[in-house]
Amino acid sequence: MRLLLAAILALTVLPVRGDEVPFAQPAPSLDQHRQSYTVALSDAMELTQLRHIKLWLAGNAKNWPLANYELTQLKDTFDKAAVLYLNIPLEYIASVEKPLGTLADAVAAKDSVQFRRGFMALQTACNECHKAADVGFVVIQTPTVSVFPDEKFAPVR
Ligand code: HEC
């Protein structure tokens, strides 16, 4: 029984890797131990997706402090992925940097028009990288509804 439990635990701790996805191989410089604790790129992408949605909901509601926060979180996830997943060609990392910069400027200037422009450009960068990584079927679009009923996106007055 204890053995079975250990086996199940070992299996759940094993990282899930998209071995067939060329960009999703962790950096070979990480030793086995660190590799097993490295977040899978697909899991980092799920976080990216949530923050991408929140960024839209906040910016669309002109809640600039929250938009700024989500933007920082989003950047952070990309930076980590770039360090851990060295197979991702630099050009695709660079292609998200520009829209992220536009978005940062828009948020600082509280400029809704520029925010929308930056958001569309970011979306294009998401999808371009997905195509290049053989996961072009993961298509990112502007969120249509909030999936966060427990969080307020309108600015706090
Ligand atoms: C530099 C490349 C790159 C960029 C930029 C990128 N992605 Fe990804 N994304 C990937 C790769 C590679 C996968 C597949 C990972 C795997 O299956 O191991 C992926 C998968 C995903 C998935 C599917 C995860 C799942 O488990 O269902 C989502 C959702 C996603 N990305 C969202 C986004 C969003 C939103 C953006 C932009 C804000 C974005 N991605 C930008 C490379 C990228």
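His130 places a polar side-chain atom 2.8 Å from a nitrogen atom of the ligand. Both pairs are polar contacts, that is, pairs of N or O atoms within 3.5 Å.

| Residue | Ligand atom | Distance |
|---|---|---|
| His130 | nitrogen | 2.8 Å |

This is a predicted model, in which local features need pLDDT of at least 70 and side-chain atom pairs count only at pLDDT 80 or more, while totals for chains, interfaces and linings use all residues. Residues are numbered from 1 along each chain, and side-chain values use heavy atoms, without hydrogens and water.

The shell around the ligand holds 23 residues, the closest being Met45, Glu46, Cys126, Cys129 and His130; a residue counts as near if one of its heavy atoms lies within 4 Å. By type, 16 of these residues are nonpolar, six are polar and one is charged. Two or more shell residues come from each of helix 3 (41-60), helix 5 (90-109) and helix 6 (112-132). Helix 3 gives the largest share, seven residues. Helices here are DSSP runs (H or I) of at least four residues.

The largest nonpolar core has 24 residues, of which Leu55, Leu103, Phe115 and Leu122 touch the most other members. Such a core joins buried residues (under 20% relative accessible area, 1.4 Å probe, protein chains only) through side-chain atoms within 4.5 Å. Helix 3, helix 4 (64-84), helix 5 and helix 6 each supply at least two core residues, and helix 4 gives the largest share, six residues.

Notes: A polar contact is a pair of N or O atoms within 3.5 Å; within protein, one must be able to donate a hydrogen and the other to accept it, and residues adjacent in sequence count only if both atoms are side-chain atoms. Ala, Val, Leu, Ile, Met, Phe, Trp, Tyr, Cys and Pro count as nonpolar, Asp, Glu, Lys and Arg as charged, and the others, Gly among them, as polar. Buried means under 20% relative accessible area, exposed over 50%, partly exposed in between (1.4 Å probe, protein chains only).
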